[in-house]
Amino acid sequence: MIKTDSFRSTVANEIVNYINIKQALGRCFEHQSRILLKLDQFLCKQENPDLIAETFRLWCQTLEPVSCNVRLERMRVVRNFCIYRRRTNPGCFVPDSSQFPKAHPTAQPYIFSDPDIAKILSYSDRIPVSARSPLRAATTRLAVILLYSTGLRRGELLRLTASDYNPSTQTLMIRESKFHKSRLLPLPDDVAMEVEKLLKTYESVRPQLPVNASLLYNPYCGGRTYSSTQLRRNLHILFNLAGIKKPDGRLPRIHDLLFSFAVNALLRWYRNGEDVQAKLPFLAACMGHVSILSTYYYLRFIEPLATLASSAFAAYYGSLIREV
């Protein structure tokens with residue numbers, strides 16, 4: 001968490017008040033706070049340290065090395081802060097959003113299917129291991145299974161400890177995450193078996209495993225979890241071995257497994273004849289979302305989901321349609 005005394009520009013007090021208000025409303029606001037801290041540090045180096053049109057223009061020039069979408073995001077964060085300032089200072093500067101760069105289309109997620117995951121897991125024992133990293137293949141296998149079957153985010157997975165798994169109830173405790181919410185995830189029997197299998201493997205490597213040891217135990221890192229970079233490299237090895245690539249030839253992202261979890265949940269419900277709309281709150285809770293609106297972002301209307309949804313609509317309301 002950023003300390004409030006880190007801000008030193010002429011608008012430092014207003015930035016701190018703005019951050020405090022956002023956090024009081026329940027938002028983490030850590031990412032936005034870092035952007036505002038960078039702005040504050042930039043202003044301190046200017047002849048006129050106030051946030052005006054000229055200093056904003058100069059600050060925007062420092063963003064040229066980053067992508068268009070990142071520039072747009074950071075400029076919007078500063079603009080929202082300026083709008084907040086205007087409530088008490090009507091004459092303060094507010095950037096014209098029409099002059100901001102246009103957003104580029106976001107990357108389309110790769111939706112993994114059950115056959116894709118089965119193929120990936122069939123190659124899990126071919127991940128290179130060594131005396132320094134004997135559990136690399138086993139932990140990568142479990143990472144794929146949990147990301148695909150539970151709706152975990154990458155950060156949530158990497159923060160899991162061995163004690164977060166309860167073998168008597170076959171549940172995972174996901175502690176305070178993106179939306180300051182903890183949740184208890186029930187695991188299917190086959191997924192719980194994979195977790196218990198890995199924990200037993202740990203016992204052969206380190207018999208007295210600490211209670212707070214990472215679920216993705218990495219002896220090479222002194223028993224700490226894998227880093228995001230290490231996890232991505234391991235998964236990319238599997239994707240390459242299995243020949244899983246996006247239409248543009250690139251490898252899928254780790255985040256695509258979260259999209260896949262949401263879309264495949266809908267596919268199962270449609271195939272089982274479930275009331276999908278009534279099920280959506282359960283999906284939102286499972287993914288740790290505050291509301292269904294956050295969940296909608298992950299529900300991509302792809303085949304065969306489109307066909308199943310159309311068939312369900314026709315079954316319920318087809319009789320209302322009459323040929324003229």
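## The second largest pocket

In this predicted model, the second largest pocket has a volume of about 660 Å³. Its lining is made up of 26 residues, and those closest to the centre are Tyr148, Ser149, Thr150, Pro188 and Arg268. Sorted by class, the lining holds 15 nonpolar, 5 polar and 6 charged residues.

Several elements give two or more residues to this lining: helix H5 (114-122), helix H6 (136-150), strand E3 (183-186), helix H8 (189-205), helix H10 (256-271) and helix H11 (276-286). Which of them gives the most to the lining? That is H10, with 8 residues.

## Valine 195 in helix H8

Helix H8, one of the elements that line the pocket, contains valine 195. The relative accessible area of valine 195 is 0%, so the residue is buried. Apart from neighbours within four places in sequence, valine 195 is in contact with Leu142, Leu146, Tyr165, Leu187 and Leu215.

Threonine 150 is among the residues closest to the centre of the second largest pocket. Between valine 195 and threonine 150 there are 13 Å in space, C-alpha to C-alpha, and the two are 45 residues apart in sequence.

## The chain as a whole

The chain has 324 residues, of which 41% count as buried. It contains 13 helices and 3 strands. Taken along the principal axes, the box filled by the C-alpha atoms is roughly 75 × 60 × 40 Å.

Among contacts in the chain with a separation of 6 or more, 60% are between residues 24 or more positions apart.

## Helices H1 and H4

Two packed helices are described by the angle between their axes and the distance between the axes. For helix H1 (residues 12-24) and helix H4 (residues 68-86), the angle is about 100 degrees and the axes are 10 Å apart. The two helices are therefore roughly perpendicular to each other.

On the H1 side, the contact is made by Glu14, Ile15, Asn17, Tyr18 and Ile21; on the H4 side, by Asn80, Phe81, Tyr84 and Arg85. By class, the residues of this contact are 5 nonpolar, 2 polar and 2 charged.

## From H1 to H2

Phenylalanine 29 lies in the loop between H1 and H2. Although phenylalanine 29 is not a glycine, its phi is positive, at about 60 degrees. Is phenylalanine 29 buried or exposed? Its relative accessibility is 5%, so it counts as buried.

Serine 33 is placed in helix H2 (residues 30-44). With a relative accessibility of 2%, under the 20% limit, serine 33 therefore counts as buried. Not counting residues up to four places away in sequence, serine 33 touches Ile2, Phe7 and Ile19.

## Two partly exposed loop residues

Glutamine 170 lies in the loop between strand E1 (165-166) and strand E2 (171-174). The phi of glutamine 170 is near 55 degrees, a positive value in a residue other than glycine. Glutamine 170 has a relative accessible area of 22% and is therefore partly exposed.

Tyrosine 297 is placed in the loop between helix H12 (292-296) and helix H13 (305-317). At 47% relative accessibility, tyrosine 297 counts as partly exposed, because exposed means over 50%. Tyrosine 297 and alanine 262 are 35 residues apart along the chain, and their C-alpha atoms are separated by 9.6 Å.

Note on methods
Residues numbered from 1 in each chain as written. Predicted model: local features only at pLDDT ≥ 70, side-chain atom pairs only at ≥ 80, totals over all residues. Heavy atoms only, no water. Axes fitted to C-alpha atoms, helices over the stretch in contact; angles between N-to-C directions. Helix = DSSP H or I, 4+ residues; strand = E, 2+ residues; numbered from the N terminus. Parallel < 35°, antiparallel > 145°, perpendicular 65-115°, else oblique. Contact = heavy atoms within 4.5 Å. Nonpolar A, V, L, I, M, F, W, Y, C, P; charged D, E, K, R; others polar. Buried < 20%, exposed > 50% of the residue type's maximum accessible area, 1.4 Å probe, protein only. 1 Å grid on protein atoms, 1.4 Å probe; cavity = no way out; pocket = protein on both sides within 12 Å on 5 of 7 lines; lining within 4 Å. Points joined across faces, edges and corners; volume = space filled by probe spheres on them.
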